[in-house]
Amino acid sequence: MDRIAKLASEKAVVIFSKSTCCMCHAIKRLFYEQGVSPMIHELDEDTRGKEMEWALMRLGSSRAVPAVFIGGKFVGTADTVMTLHLNGSLKKLLKDAGAIWL
């Protein structure tokens, strides 16, 4: 869990992902389209990825990926991020974290 917290605080937006996950791809694309350059950490390309996946699931989501952190705080997985985007809250979170300027 310490490793996740350290990685999650390294950039305004951090996404824990798997390179073969279609929802991960969709969430990464959403952030790119918002003008955000997130740090992407692919769990399937990390030797400790399985361990990190279990730690992410302990944060309270039914799926480990995509796990999105904004401003060092766990925001949620794809469902939560899409809900925030659709209701307009995501932009404010991104602005407050310094991920976007406008």
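**From the surface to the core**

A: Serine 62 counts as exposed because its relative accessibility is 68%, and the threshold for exposure is over 50%. The model is predicted, and this residue is placed in the loop between α3 (49–57) and β3. Between the C-alpha atoms of serine 62 and alanine 26 there are 18 Å, and the two residues are 36 apart along the chain.

The interior presents the other side of the picture. In soluble globular proteins, nonpolar side chains tend to be buried together. Here, the largest nonpolar core comprises 17 residues. Val13, Phe31, Ile70, Val81, Leu90 and Leu94 are those with the most contacts inside this core. Two or more residues are contributed to this core by each of β1 (13–17), α2 (22–33), β3 (67–70), α4 (78–86) and α5 (89–97).

With neighbours within four places in sequence set aside, leucine 90 is in contact with Leu30, Phe31, Ile70, Val81, Leu84 and His85.

The helix pairs can now be taken in turn, starting with α2 and α4. Their axes come within 10 Å and cross at roughly 30°. Because this angle falls under 35 degrees, α2 is roughly parallel to α4. The crossing of α2 past α4 is left-handed. On the α2 side, the contact involves Met23, Ile27, Leu30 and Phe31, which meet Ala78, Val81, Met82 and His85 of α4. Classified by residue type, this contact has 7 nonpolar residues, 1 polar residue and no charged residues.

The second pair is α4 and α5. The axes of these helices lie 5 Å apart, and the packing angle is about 100°. Since angles of 65 to 115 degrees count as roughly perpendicular, α4 is roughly perpendicular to α5. Val81, Leu84 and His85 of α4 make this contact with Ser89, Leu90 and Leu93 of α5. By class, it has 4 nonpolar and 2 polar residues, with no charged residues.

Read together, these contacts place Val81 and His85 of α4 against α2 and also against α5.

Terms used:
Residues numbered from 1 in each chain as written. Predicted model: local features only at pLDDT ≥ 70, side-chain atom pairs only at ≥ 80, totals over all residues. Heavy atoms only, no water. Core = buried A, V, L, I, M, F, W, Y, C linked by side-chain atoms within 4.5 Å. Buried < 20%, exposed > 50% of the residue type's maximum accessible area, 1.4 Å probe, protein only. Helix = DSSP H or I, 4+ residues; strand = E, 2+ residues; numbered from the N terminus. Contact = heavy atoms within 4.5 Å. Axes fitted to C-alpha atoms, helices over the stretch in contact; angles between N-to-C directions. Parallel < 35°, antiparallel > 145°, perpendicular 65-115°, else oblique. Left-handed = near helix turned anticlockwise from the far one by under 90°. Nonpolar A, V, L, I, M, F, W, Y, C, P; charged D, E, K, R; others polar.
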